[in-house]
Amino acid sequence: MSEPEAQSVLPHEAPLPPRVDLVTAAVFFAVGIAIVYASWRMPTFYEQLQQTYTAPGLVPALYGIVIVLLAIWLAARAIGRGALRRGDERTRAPREGYSNLRLALATALCLAFAVGMVGRLTFWLATAIFVFLFILLFEWRKDQPWRERAIRIASAALIGGGTGAAVVLVFTRLFLVRLP
Amino acid sequence: MLEGLSQFGSAFAGFMTPGTLFNVLWATFLGIVIGALPGLTATMGVALMTTLTFTMGRDQAILVLVCVYVGAIYGGSRSAILLNIPGTPASACSTLDGFPLARQGLAGRAMGISTSGSWLGTLFGIVCVALFTPLLAEAALSFQSYEFFWIGVFGIVIAGTLAGGDPLKGYIAGFLGLWIATIGQEPHYNYHRFAYGWADLSGGIGLLPALVGVFGVAEVLTAMRGPAYRVTSKAVDSILPRLADVWKYKRTIFRSGAIGTFIGVLPGLGEDTAAWSSYAAARRASQEKEKFGKGSVEGLMAAETGESACVPGAIIPVLTLAVPGSAPAAALMAAIMIHDFKPGPMLMIETPQLFYQIVAMLVIADMAKLAFGLTLVRPLLWILLVPRERLMPIIFVLCTVGAFAITQRVFDIYVMLFFGLVGFVMRELKFPMAPLILGLVLGELLEQNLTRGLVISSGSVAPFFTRPVSGVLAAITIFAILWSIPPAQRKIKAGVRGLFGRGRRPA
């Protein structure tokens, strides 16, 4: 099963370190086992049709088994590529311009909007607050002069309010769609 | 033939009203903008617009979606040429030669090549739709459960093998999608699988919230994590396509159109694979190989023609087999079903007018795309200048509205969020997303036909392999799996070489 190097089909695809693949395989192995176990516990309804081909757990169990087998294949391949080899831990070089802080902030804001605000506030207000905060936080610079900062805050508020109003008008009046 | 032409004519004439043309214009423009903006994809555009147009008349709603789809695949080339960032994954290939051309001061010429290649590619694909859809639909009428089961498995395997990246991860994503499709009420006893008393989950996972999550929310997070983009070329020369370019590369256009359409027909592969395959074929056949990657007109023409020909190609299996040829086609298929049409072999019998209408819609969308391609250079440049910090929160709000709109359940917003986060993590781990979505789409077809086939054959699996079409599909599927295992692939290649080597020896 061992291969010298992972192959990538597309030029923009770079392979992951084998250890990451090994951890991924472990997760999918657990998911597959859980699917098979949950399917096994489902009733078969044999008494109704005197056969088990339509048992509710049959097809998901089949998928679970395939996922387990594929996870074992992925794990074996990762080990073959050196996932367990000491001193051969290939790590990905950090990509220029990528920021996990920005990712965490965006995720937190999106979750706060979709889980915290939608359904609790009027939709236009929730939208306005979300868009305003998103722009404000991502465009915030420590060394910004106050005049420029005030302009940015005002423009964020304007875009937020405008988006809230536009979304409500366009979707409820034009597309006749109900909003959350 | 004549009856077909007359039906196509009446479908075309039916769309020639001011209201319809207005819808064509704004929808195609919106599609181009969605395609041009990095972080927004054709799939997200079609999925979002499906939810927002479902109160419209069904002809108009499907027309809008076809225009968004056609426009978005074309629009991606703008950012590929001007920013070196593909607006949609389909345009990744166009960056290879589009951006070098722009840096040489030929951004306008590159956009002209992109416009002419894309227009001709879609036109080529439309001709294939018109010619082959009725034939394939007729053939599919003889398919039984065994054949439909293998079509489902073949779709997952071929999408995993060829969707780009790691085939093994493609299979895992595909089977995960198939399992997700089993969540909720099952078809035989109405038993609630994997719901654990949660009423919302008993209804199953909606395709559109999942699509919006995987292709919308995950894109928002990816865009916010990545570096900001900058327009590097604001000076644009003449964008008028040169007839000389088209004539000189007519063979490339024809070849790329054929490859793009064929890849479109294969389940779940999509426009990015079509573009890369067309590009690779053009490079192999080119007299100017050394120019590829450095601003080759032929390379850009091949990529654009291939990806745009894939759009009509991906609609062929939707209409004939109820199997999407690409991720945006999956969203389009969901829309067709929401509007009470039944994609599949019976479509040509029950609602043949939809087939002619879709051909007419594609032609109209292609014309609108050409018109915008020749006129909308400056406005698109301004749109590309909108910073992502201002665009992405608005996109997320639209995703939320889109996920909620059809069933009006807040649960669907949570589904969107879940799929967005899972989709983002899986992408980072190099899992292709097309097989996951294809699994979700094909889950019902696969399960129903597997159980029905087993019941009919009293549990025997033999008919799944012994019926002629089933046998061929099974053989191709097994071959595709073996091909993705490197040692097996090497043995197959050695075997083929040995076979031909022996064949050449004198007796």
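Which domains does the domain assignment give for chain B? The assignment gives domain 1 (2-466) and domain 2 (467-507); such bounds come from an automatic or database domain assignment.

This is a predicted model, in which local features need pLDDT of at least 70, side-chain atom pairs count only at pLDDT 80 or more, and totals for chains, interfaces and linings use all residues. Residues are numbered from 1 along each chain as its sequence is written, chains are lettered from A in the order in which they are written, and side-chain values use heavy atoms, with hydrogens and water left out.

**Two domains of chain B**

The centres of domain 1 and domain 2 of chain B, taken over C-alpha atoms, are separated by 31 Å. Their contact (heavy atoms within 4.5 Å) takes 18 residues from domain 1 of chain B and twelve residues from domain 2 of chain B. On the domain 1 side, B:Glu147, B:Trp150 and B:Phe154 lose the most area to domain 2 of chain B, together 36% of what that side buries. B:Glu147 also forms a salt bridge with B:Arg467, with the closest N and O atoms 2.8 Å apart. Helix α7(B) gives the largest share of the domain 1 side that touches domain 2 of chain B, nine residues.

**Two interfaces side by side**

Buried area is the accessible area (1.4 Å probe) that two parts lose on being put together, summed over both. A salt bridge is a side-chain nitrogen of Lys or Arg within 4 Å of a carboxyl oxygen of Asp or Glu.

| Parts | Buried area | Share on carbon and sulfur | Salt bridges |
|---|---|---|---|
| Domain 1 and domain 2 of chain B | about 1,300 Å² | 70% | one salt bridge |
| Chain A and chain B | about 6,500 Å² | 76% | three salt bridges |

Between the chains, 74 residues of chain A are in contact with 68 residues of chain B. One salt bridge joins the side chains of B:Arg390 and A:Glu139 (2.9 Å, N to O). Helix α3(A) gives the largest share of the side of chain A that touches chain B, eleven residues.

**Helix α15 of chain B**

Helices (H or I, at least four residues) are DSSP runs, numbered from the N terminus. Because each residue counts for 1.5 Å, the twelve residues of α15(B) (residues 327-338) should span 16 Å, and the 17 Å between its end C-alpha atoms agrees. The expected span is 1.5 Å times one less than the number of residues. Ten of the twelve residues of α15(B) are buried, that is, under 20% relative accessible area (1.4 Å probe, protein chains only). Among them are B:Pro328, B:Leu332, B:Met333 and B:Ile336. Just after α15(B), B:Asp340 takes a positive phi of about 70°.

Technical notes: Helix = DSSP H or I, 4+ residues; strand = E, 2+ residues; numbered from the N terminus. Buried < 20%, exposed > 50% of the residue type's maximum accessible area, 1.4 Å probe, protein only.
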